[in-house]
Structures are given as C-alpha cells and as structure tokens.
Amino acid sequence: MKVFKFLLSLILTGGLGFLCNNQINHDSLTSSIPPIGKLMNPFTGFWQNAKSETSVPEESINLSQLIAPVQVQYDEKMVPHVFAQNEQDAMFIQGYVTAQNRLWQMDFGTRYASGRLSEVLGEQALELDKTQRRRGIFLAAQRAVKEWEKSKEAYELLEAYTNGVNTYIKSLKPKDYPVEFKLMDYQPEPWTVVHSALILKNMSLTLCSRENDLESTNALKYFGKETFDFLYPEYNPKQSPIIPTGTPYDFEPVNTDQKEAAKEMIGYYRHKALEKTDEGIGSNNWAVSGAKTASGNPILCSDPHLRLTLPSVWYEMQIHTPNLNVYGVTLPGLPGIIIGFNENIAWGQTNVGQDVMDWYNIKWADDLKESYIVDGLEKEVQNMVSVITVRGKEEPIRDTIKNTIWGPIVYEDPAHPKQDLAMRWAGVETPSPMEIAFVDLLNRGKNYEDYSNALKHYESPAQNFAFASKDGDIAIKVNGKFPIKRDGQGRFVQDGSDSKNAWQGFIPMSQVPQIKNPQRQFIASANQHSTDLTYPYYYFGGFDDYRGRHLVNRLSNMDSITVEDMMALQNDNYSLFAEEATPLLLEHLDSNSLTFIQKSALKELKNWDLKFEKNSIAPVLFSEWWNEFYELTWDEVYAFEDSIEMLYPESWRTLEILDTISNSHFFDIKSTEKIENAKDIATLSFIKMCEIMSSNLKNPTYNWAEHKGTIISHLGRIPAFSSSPLEVGGYKQALNAISEFNGPSWRMIVELGDEIKAYGVYPGGQSGNPGDPYFDSMLEKWTNGEYYELFFMKDENDDRLPLRCAQKFF
C-alpha cells in the first residue's frame, strides 16, 4: 500500500518534497519532517487513512441543513450519482461529497493561487507567494465574489455548495484528516465562496497567463525589426483555423484607433520571466453532425490536456433533480459540471491561447517610486501592504505592492529601476455578475440557444466551447473576454507613460469567433488559431500548428463515423509535425560514410510510420535528432540562455526556412570558422543524436515509452504517492498529446441519440486518498486507451449497470 511505501521513504530520506504548483513549477520545495509521534499515532496518524477494496462511505448521514432527503448511488468506479429533490440540496451534497474525496486538493490549490503556501511550507515558498499576491489573484477572487452576489439564485447555489464542504469539514476529527494534512502538520480551514473563486482564478493562471513580452522585446532589440519579422511571423499560412477559412463575419466591429501604433520599449530587459505554464497544456475537441455518422446521431468528443496529477484534476459526477440531469466532470471546489452532457446537449472545452496579458514599463517621477508619469503628468502609486504569515517565523513578512493605472508592479528590480513593469491581465478583470451562473445555465441547457445564452456570461480563461445537441446542431464558440488592441499591440513591453497604449475595451460577446452547423458537417479545435486573417479584430498568442490541421484532415476524410472511430482518433499517435519534418531532415542528411549504428538509425527513420507508439524506437531518434538540429540552428538565440530571456523561433517557421532557404545564414554555427548550411546542420545533428543514443540503439527493448518517461505525479510531488513510469505512447504534437508530465486529463465521447450513450476515462481515480484503491483505479484503462461506459442513470433505481454502494442523507 502506498501509505506504507511513503512511511518507509520518509524514514530513509528524513524529509519530504513538496511542489508548490500542480500546473507550473517543476522544482520541489522541502518541508520539515512532520512530528513523527503524531504521524505514527495508531489512533490519529496515517494508519487511519488506509482503505480496503471493501471500504464504503458511511451509509446514512443526518444533515439538518437539507430541505429534503438526498440519495447518492456510487457505481463501480465510485462515481457519485446524486439524486436530490431540489437544486439547493444537490449543490450542498456535491460540496459535501467532493470534500469527502478531495479536501486536501481543494485546500492546496487555493493556497497556491492566493499566495498562502508559506503558512504551510515555510520560507521556501515566500517568493512564490509574493508573486501570486502581486499578480492580484486573491483580490480578483474577492472582486468576483462581490459581483456574483448580485446574481441571487446562482449565488445561493454557490453558498449551498460551500455549506456542504464546511459541513463535511466540521464532521472531521484529526484522525479523519486526509494524509497530506498529517504529513504537512496542519489542519483544514473553513471553505468560503472566495475559495471557489480562487479555483476559477487558478484555472485562468494555468490557461491564459502565457505571454512572451520580455522575450520578444529582447529578440527585437537583438535582431532588429526586419529580421524579427522574418523569424517570428504571427500566422502560419498552413493553418486550419477553428472557424473555417472563408467564414464571413457579418457584423460591424468596434472602431479601433490605429492612427498611432503602440510604442514598443526597445531594449534588453534583465528580468527573469515568470514561470510559464507548460506548452503541452492545450486540448482537443470536436463534434460531427449526424450526416457524417453511421447512426445519424451527432457525436461530441472532448479531451482537455493539462498537467496530470494525483489526485486527478477532475472529479466525475452525475447530478439529478426534477429539473436537471447532468453528467460529467467537476473541478473540485466549484459547483456544477464543467465538461459533460445532459439529456439534450453535450459540451467540451479547449484552451484558446490568445495573449491577454500585457506589460507596461513604468517611468518613475521620483527615486522613491511614489509617483510615475503618464502623458506628462504625475500619478501617485497606490501602495498596498501584503502581510504573509510564514511558518517558522515569529513575525509575518510585509510586502508592499505598488498599483498603477495599468495594474500592479510585478517585475521590480532595484538594480534596474528603469525596467519596472506593471501587469494588465484579463484573468483578473472584474467579471460579469452572471459569471457564476454560466455553469448552471449550461448544465440545464436544452438546445443551441441555451448554450449560446450561457456562454454570454463566461469570460476567463477563454475557451473554445464545442457543442452538439439531440436536435442535430453542432457549434463552437471562441469564448472569453478579449481586449481590443491596435495591430501588433502587446507583443512587446509597452511604454507605460503613454495612455494611448491602453486597451480599447473588449470585443463584444456577439462578435467573438463562432460558427453553427458549418457546411463541412463538423467543428474541430486543437488550440490552433481561432480564425483566418479576415477576422476584423487583432489578436495573437501561442497556437498549435499541427494537431489542429491533422484533426481537420482526418475528420474531412471520415464518413459513417462510429464511437469506436472517435476513440481511435482521440488515441491517435500520428504526428503531422513528424510527417513534415522527417523528409526534410532526411533530404538534407549527408548519408555517405555512416557508421553501422548511424545506418541502423537511418533505416529506422526511413521505415517509420510517423506514429509515436510506445514500443517504437523511431520516435526516440526523431525527437532527439530534431532537438539537436533545432539547437544547432538557433545557436545565436541559445547563446543568451544564461543571461537574458529570448524568444525562440517556432518549429513550423524553422521547417519553412529549412525547406525554402537551405543556405540561410541562420544555419551557420557562430562558434566555428566554417560557414555551415542546412545540410551541415542536419548531418552534424544526426551524428550527435546517434552518439547520444548509441547505447540505446544497441538495446532491443529500449522504446519511446521508456524514453519519454511519462509519470503522473502527486500534487505535492510525493514520490510514493505518484505513478510509476507509464508504458504509454503519444506525443505533444499528436492528437494523443501525452508528454512527460502532460496529457489528456479527461477523455469523453458522447453520442446524442434518443438515448444518450457516453464513454469516458481519466488518468487517476475518484478518491484523493493515496491509501484508497480508488486513488488511481482508472489509470490502467486510460494508459491502454480504453474507456468506461458512463452510467447516465435515469433515476435512483436505474439498475442497467452494477452499483457498488449508496449513501443516504436526510
């Protein structure tokens, strides 16, 4: 059992490793050893967290807060099917049951988002906490709650959920605390609606905080505008955008002031960029109309790609009331179903990728930094003192946060006071009062109009919402709060002393990219560009260049589609990137005078089917060859690796230069006397790859799965609670985008016929307790690309599939 493995590890190592963030930071933080006596106490210690295959929740629980009795049926995966007589009770029990299984995960996630990890982990988490507070996430959560209060009915459901969480917390004795609380030696705190808001803001941090302003500004300074524009074009001409090319935009856009281009602060910035979310975070979703399926029913598919953790990102659930019957996955800490289906519609999300965070260089009016210049006038800084409690310190730490008209100063360096940068980020903008209602409205939706109305209230993080209905409609909306900018605005650090660099409002919700029932009979998104270049508003960001094109190509050529076809497509390991890169690399390789090992590697690559299958060696050779080729090509950029942040050219642009300008001076290695060309680089990188991989090439069992080393780590990075390396294929540039730490966090397929048929799986289990068999019980099926049939119960007596146990609340 993992609890006992962990205790042995603890005794042997004398310490604990915990990670601050399940999405961003890969480094571990070391916590002090918990009091061993408390941890090993047989009555209150970790022993109490051990569960067996036969363990079941308490059968009957008396809760005075309920309006009417509630029945919860658990299926064989321990998915709760909540049957309530009203929605207030349903949300209350959702909160209770979620906390019963994921309380520590909820607590840790909100501490990370709000900058309160130092309270638990001590001084080592202090700088991270300071950054989180300077970003303004906690203040944004408080502002959101004040707005949500104005939506009375939706807010009451959120309060019911909160009360359910707290009722469970109050029922706990120290022996019942999740094991992580015992290991870190702290206790659960009361849940509030602000905690729920922090869960949503944490998703914004994960999904819409990527930007490259520092890197782009430094690259512009180094290369100059002409070369910068050549190396870093914003749009890949091969793109298959989410809204099909040629779609008309029949609206009058908001007038944008283009008279004076936004000023760019040209210079080298010395700041170390804030930790960014992994590039592998993205997703796929699509829907096909009944005209393309064997059954004549629409099919919707969704698999969001996130950093994979144990406990799992999602918690699976069904919620049933007289007016609601919805199934899918929830985010622990938020009420309702986030991705799922009901009796009439299904929906799923992918990340949009547009850059909605800009940085402004502050021009100080005085050395004390008490005022700054805007349009030639002085403005006073609004100082806020953030008080941070640090475990192990008698006195709290006080950090002064300076706020400007642009936002808080996040980058501040005493050695370079002229480079202080303020942040403007859509992720912390004050939301609509109805934001909190969007999930409930979507969960209740019966048709396209209901789906569209629900999304009017959703703002951040921006998502591509795929939709399908029993009525036969399919649709997708690129939905979120998008700033209106001048062309090119926000790619670089901007001059904060000029108010003309401000955003010009936000794109109206009616004008965000969207399409219903396209002529091609399917909708598809895989984080590619939202639109073609005819869309009247300027935007840029980080977009996929391969998965989206491959997905569109596959769906375009498919007919009489079945659920099994969609399962195979979600697990597709074919890479369009490899299809385009491999022939070019081979074409430029000088294959004369190769050694035996090199010839063996070349043969593997020439015979490769371009699929990143777990047992294949060719994907290993390709990925290592590409990495070496890329680093040798862009040696002038890598030269800055240890000094300043620099923007690296995208892979698609690198291939385009290789294909069209093989004698480009960028292929020359600056540190050698010889002037290299593309053929030299392809050959040198191939030889170097073979040297690195020589021992593995001699090992007949070495394969892609072993090389990639996919693991699913515990949220606290406790090795004994993490998975072993998984025997799994996939690649970040394949639809089955499994990398070392990221991948499909929930695979779902829904066929919308007279009777809903749905299938799903995620890499983990329903329980958040490492000592519970249901902690990772679904992992094997996920690894094998298999699915569970989702038991969408018609009522509490539905016995079409086996049930494991029941819980009665009265």
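# Briefing: cores, sheet and aromatic pairs

Cysteine 208 counts as buried, at 7% relative accessibility. Cysteine 690 is likewise counted as buried, its relative accessibility being 3%. The model is a predicted one, and the count of disulfides comes to 0.

**Sheet**

- An open sheet of 11 strands is present, with mixed pairing and the order E3-E30-E4-E5-E9-E10-E11-E12-E20-E21-E23.
- The edges are taken by strand E3 (60-61) and strand E23 (514-516); each has a single partner strand, so one side of each lacks a neighbour in the sheet.
- Strand E3 runs parallel to strand E30 (residues 803-809), and 2 bridges join them.
- In that part of the sheet, isoleucine 61 stands opposite phenylalanine 809 in E30.
- Strand E4 (residues 70-75) pairs with E30 in the antiparallel sense, over 6 bridges.
- Phenylalanine 809 in E30 also has valine 70 standing opposite.
- Strand E9 (residues 315-321) and strand E10 (residues 324-330) are antiparallel and pair over 7 bridges.
- Within E10, threonine 330 stands opposite tyrosine 315.
- Helix H13 (residues 448-455) packs on the sheet, where H13 touches strand E20 (463-469), strand E21 (474-479) and E23.
- The direction of H13 makes about 5° with that of E21.

**Nonpolar cores**

- The largest nonpolar core has 182 residues, and Ile93, Phe341, Leu555, Met566 and Phe809 are those with the most contacts inside it.
- Helix H3 (residues 87-114) supplies the largest share of this core, 13 residues.
- Isoleucine 93 is in contact with Leu63, Leu66, Val70, Val72, Val82 and Phe809, leaving aside neighbours within four places in sequence.
- A second, separate core has 56 residues, among them Tyr574, Leu589, Leu610 and Val620.

- Helix H14 (residues 547-556) is largely enclosed by the rest of the structure, because 7 of its 10 residues are buried.
- Those buried residues of H14 are Arg547, Gly548, Arg549, His550, Leu551, Val552 and Leu555.
- In helix H5 (residues 126-135), the buried residues are Leu126, Asp129, Gln132, Arg133, Arg134 and Arg135.
- Glycine 136 follows H5 and has a positive phi, near 85°.

**Aromatic pairs**

- The count of aromatic pairs comes to 48.
- Tyrosine 249 and tyrosine 535 form an edge-to-face pair, because their ring planes are at 70°, with the centres 5.2 Å apart.
- This pair links distant parts of the chain, 286 residues apart: tyrosine 249 lies in the loop between helix H11 (225-231) and strand E6 (282-288), and tyrosine 535 in the loop between strand E24 (522-525) and H14.
- Tyrosine 249 and tyrosine 535 are both buried.
- Tryptophan 359 and tyrosine 411 make a tilted pair, 4.7 Å centre to centre and with 55° between the planes.
- Tryptophan 359 belongs to strand E13 (residues 357-361) and tyrosine 411 to strand E18 (residues 409-411), so placed that the pair links distant parts of the chain, 52 residues apart.
- Both tryptophan 359 and tyrosine 411 are buried.

**Asparagine 736**

- Asparagine 736 is in the loop between strand E25 (713-714) and strand E26 (742-744).
- The relative accessible area of asparagine 736 is 4%, so this residue is buried.
- Not counting residues up to four places away in sequence, asparagine 736 touches Gln570, Asn571, Asp572, Asn573, Gly729, Gly730, Tyr731, Pro744 and Arg747.

Terms used:
Residues are numbered from 1 along each chain as its sequence is written. This is a predicted model: local features need pLDDT of at least 70, side-chain atom pairs count only at pLDDT 80 or more; totals for chains, interfaces and linings use all residues. Side-chain values use heavy atoms; hydrogens and water are left out. Helices (H or I, at least four residues) and strands (E, at least two) are DSSP runs, numbered from the N terminus. Buried means under 20% relative accessible area, exposed over 50%, partly exposed in between (1.4 Å probe, protein chains only). Contact means heavy atoms within 4.5 Å. Two strands pair if DSSP finds at least two bridges between them. Axes are lines fitted to C-alpha atoms, for helices over the stretch in contact, and angles run from 0 to 180 degrees between N-to-C directions. A nonpolar core is a set of buried Ala, Val, Leu, Ile, Met, Phe, Trp, Tyr and Cys residues joined through side-chain atoms within 4.5 Å. A disulfide is a pair of cysteine sulfur atoms within 2.5 Å. Rings of Phe, Tyr and Trp (its six-membered ring) pair if their centres lie within 6.5 Å; planes under 30 degrees apart count as stacked, over 60 as edge-to-face and the rest as tilted.
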